[in-house]
Amino acid sequence: SAHYLASTPIDPSVKAYAAIGVSGTLFKSQPINYLHSVKKIKLPILDIYGSEDLEGVLASAKQRANTAQKAGNGSYTQVKVANANHFFVGKDDELVSQVARWLKQTVR
């Protein structure tokens, strides 16, 4: 989804992007590498992941935020949900609540 948003003219009805449990470095090739894509996305981005997420997601969290900041995306928000794994098992309500709250604050 990040690659699509980075490489396609954005439909004006698309107002924001929520990335859930994304790894910044899982895919090395530039076209589908999240860090490469996030540099080009100018929409508000919510990067939400669990404190018990996959190692690649946890290890790249700081790098994801830094990459967005360096690219000038001042609307990049990163949220770590306590005790949530990669699939947010048992944390569905909190995931939905976090995304809904962010959307209400971000999309007008």
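In what sense do E2 and strand E3 (residues 76–85) pair, and over how many bridges? The two run in the parallel sense, with seven bridges between them. One of these links joins Ile 48 to its bridge partner in E3, Val 79. Strands here are DSSP runs of type E with at least two residues, helices are runs of H or I with at least four, and both are numbered from the N terminus. Two strands count as paired if DSSP finds at least two bridges between them.

A word on the model comes next. It is a predicted one, with local features needing pLDDT of at least 70 and side-chain atom pairs counting only at pLDDT 80 or more, while totals for chains, interfaces and linings use all residues. Residues are numbered from 1 along each chain as its sequence is written, and side-chain values use heavy atoms, leaving out hydrogens and water.

Back to the sheet: it is open, built from three strands in the order E1-E2-E3, with parallel pairing. E1 and E3 sit at the edges with a single partner strand each, so one side of each has no neighbour in the sheet. From one strand to the next, the twist averages 20°; angles run from 0 to 180 degrees between N-to-C directions, and axes are lines fitted to C-alpha atoms, for helices over the stretch in contact. Strand E1 (residues 17–20) meets E2 in the parallel sense over four bridges, and in E2 Tyr 17 has Ile 45 as its bridge partner, while Ala 19 has Asp 47. As for E2 (residues 45–52), six of its eight residues are buried, so the rest of the structure largely encloses it. Buried means under 20% relative accessible area, exposed over 50%, and partly exposed in between (1.4 Å probe, protein chains only).

Helix H5 (residues 92–106) lies across E1, E2 and E3, running at about 155° to E2.

Terms used. Contact means heavy atoms within 4.5 Å.
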